[in-house]
Amino acid sequence: MQIPPETFLIDRAAALPLQVQLRRQIVLAVHEGRLRPGERMPSSRALAAHLGVGRITVSQAYGDLVATDYLVARGRSGYFIGDRVGAPEAAPAGPADGPGLDWGARLDGRYTAARRKDRPRDWRSYPWPFLYGQTDDRLIDHAAWRECAVRALGRRDLGALSDDQYDGDDPELIDFIIRHLLPRRGIRARPDQVLLTLGAQNALWLICQILLHRGQTCAIEEPFYPGLHEILAVHDARVLPVPIDHGGLPPETVPEGVSVVFTSPSHQCPTNRTMPRPRREALLRLAAARGFAVVEDDYEFEISFAGATSPALKAMDRHGAVIYVGSFSKSVFPGLRLGYLVAEPAFLAEARALRGMMLRHPPGHVQRTMAYFLSLGHYDRQLNRMREAYAARRAATAQALARHGLDAGAAVAPGGSSFWLPTPRGLDSDALALALCPEGVLIEPGRPFFRDRPQGAGFYRLAYSSIAEAEIDEGIRRIAAVGARL
């Protein structure tokens, strides 16, 4: 790689000679890893012209660095970063410019305090990662996605990629969502009722920012989706958890005075319980009578193994109270970070304006690639492959849980990619998760799913989206073995 001359600067007001300044900049950059072995330095002529110094100054600095192995001269090819670096030179001591800015006094730490901290980034290094929200690369159609990405880079689509669309979305992707995806949930929508987001998390943040900015009261299911609770924790809102039962959120227990109710009726997070149709109708009647909004997170509706699913709340809504949140994170891959909102035009206009202030719109290339992935049939083929794999993994997980004496919990649920389980013998799930790490097993402890965190100590989530079917039994055997000896 050619290192550009603009990488280097000099301070003509400094006491150090220009040659020494340049040399020390190169040494520091090498030790910090910004310049790596084998990379080609700018020519002495180009660097001298950029810095406005004599060429001899650059040549002398290069010569000194060759002598100390920081640079290697290769005939007519120029100078390259060496791979045998000596000890770094000590930086000259100089007077301090004064005390640094006290960021600790300026920041209240509310965002870092709310952030979930129990999800290891190196999860792929564990042989048995029962983690929700990650995927098995073998289920992703890499060739099809690459084909669509290349197609999206063609001249025909250059405008969709290169133009600033301000607060607009890719019309081809919106059209496919409206005509092909939403009808599967019974939803009819117009283009002014659909907004693309950077995944469901971004959609939920937009909703909370718009609806809960004046300290209104909202109701959430408990146990709940931790990502939603993180958002609510930093908003000036009164949050009222509503315990769920076998049918999800009981409408009759929604407190008076709430302005927003958050629910995941198709696959309640994290229990996978499904809200029956009569209860959905009751919730919508209550929303119309009391005047609150209903936010429907329809995650994993595509991962169903039992045929037709119940219609979405949004499909049953006759009063415009439901804000529907959809995402491609589970059905394509999590790193895509692409989702969508469906709501009444008045709310969507406000959400579009807010999104425009924050990020304009999701990247054009991602949107157009996704449009091709959908329209060329790759999405449905991948989804069918995922359904088959998840159905087999769910059956294998249920069998292993029964075989090794662990409660199968929601084993009869008609879909999804995880189980919500009680810990063996009522063990603390944090202690169980910690003891499983040396065994190469990852689980999700239950505390982050409850407002009163100790309530989750006796539960954990076991997901199978990122683990091969053949590995499931051994991983669950290890959970049972560790649980038995704690």
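**Entry 1**

I started at Glu281, which counts as partly exposed at 32% relative accessibility. For that term I used these cut-offs: buried is under 20% relative accessible area, exposed is over 50%, and partly exposed lies in between (1.4 Å probe, protein chains only). The model is predicted, so I kept in mind that local features need pLDDT of at least 70 and side-chain atom pairs count only at pLDDT 80 or more, while totals for chains, interfaces and linings use all residues. Residues are numbered from 1 along each chain as its sequence is written, and side-chain values use heavy atoms, with hydrogens and water left out.

I then looked for the partner of Glu281. Its side chain meets that of Arg277 in a salt bridge (3.2 Å, N to O). The rule asks for a side-chain nitrogen of Lys or Arg within 4 Å of a carboxyl oxygen of Asp or Glu. Both residues lie in helix H11 (residues 277–290), four residues apart, about one turn of the helix. Helices here are DSSP runs (H or I, at least four residues), strands are E runs of at least two, and both are numbered from the N terminus. Arg277 is partly exposed, at 42%.

**Entry 2: other salt bridges**

I noted the count by this rule: 31 salt bridges. I picked out Arg124 with Asp137, whose closest N and O atoms are 3.2 Å apart. This pair links distant parts of the chain, 13 residues apart. Arg124 sits in the loop between helix H5 (110–114) and E3, and Asp137 in the loop between E3 and H6. Arg124 is exposed at 52%. Asp137 is partly exposed at 33%.

Next I checked Arg485, which forms a salt bridge with Glu439, again with 3.2 Å between the closest N and O atoms. Arg485 lies in helix H17 (residues 469–485) and Glu439 in the loop between helix H16 (429–436) and strand E12 (441–442), so the pair ties together parts 46 residues apart in sequence. Arg485 is exposed at 55%, and Glu439 is partly exposed at 25%.

I also found a network of salt bridges that links Arg156, Asp157, Asp170, Glu172 and Arg368.

**Entry 3: Asp136**

I moved to Asp136, in the loop between strand E3 (128–129) and helix H6 (142–152). Asp136 is buried, with a relative accessible area of 6%. Its side chain makes a polar contact of 2.9 Å with the side chain of Arg138. A second one, of 2.7 Å, joins the side chains of Asp136 and Arg393. A polar contact is a pair of N or O atoms within 3.5 Å; within protein, one must be able to donate a hydrogen and the other to accept it, and residues adjacent in sequence count only if both atoms are side-chain atoms. Beyond neighbours within four places in sequence, Asp136 is in contact (heavy atoms within 4.5 Å) with Arg393, Ser465, Ser466 and Ala468.

**Entry 4: domain 2 against domain 3**

I looked up the domains: domain 1 (5–81), domain 2 (116–133 + 381–485) and domain 3 (140–376). The bounds come from an automatic or database domain assignment. The contact takes 29 residues from domain 2 and 29 residues from domain 3.

I read the buried area between domain 2 and domain 3 as about 2,500 Å², of which carbon and sulfur atoms give 56%. Buried area is the accessible area (1.4 Å probe) that two parts lose on being put together, summed over both. Across this interface I found zero salt bridges, but 11 residue pairs in polar contact (both at pLDDT 80 or more). H15 gives the largest share of the side of domain 2 that touches domain 3, nine residues.
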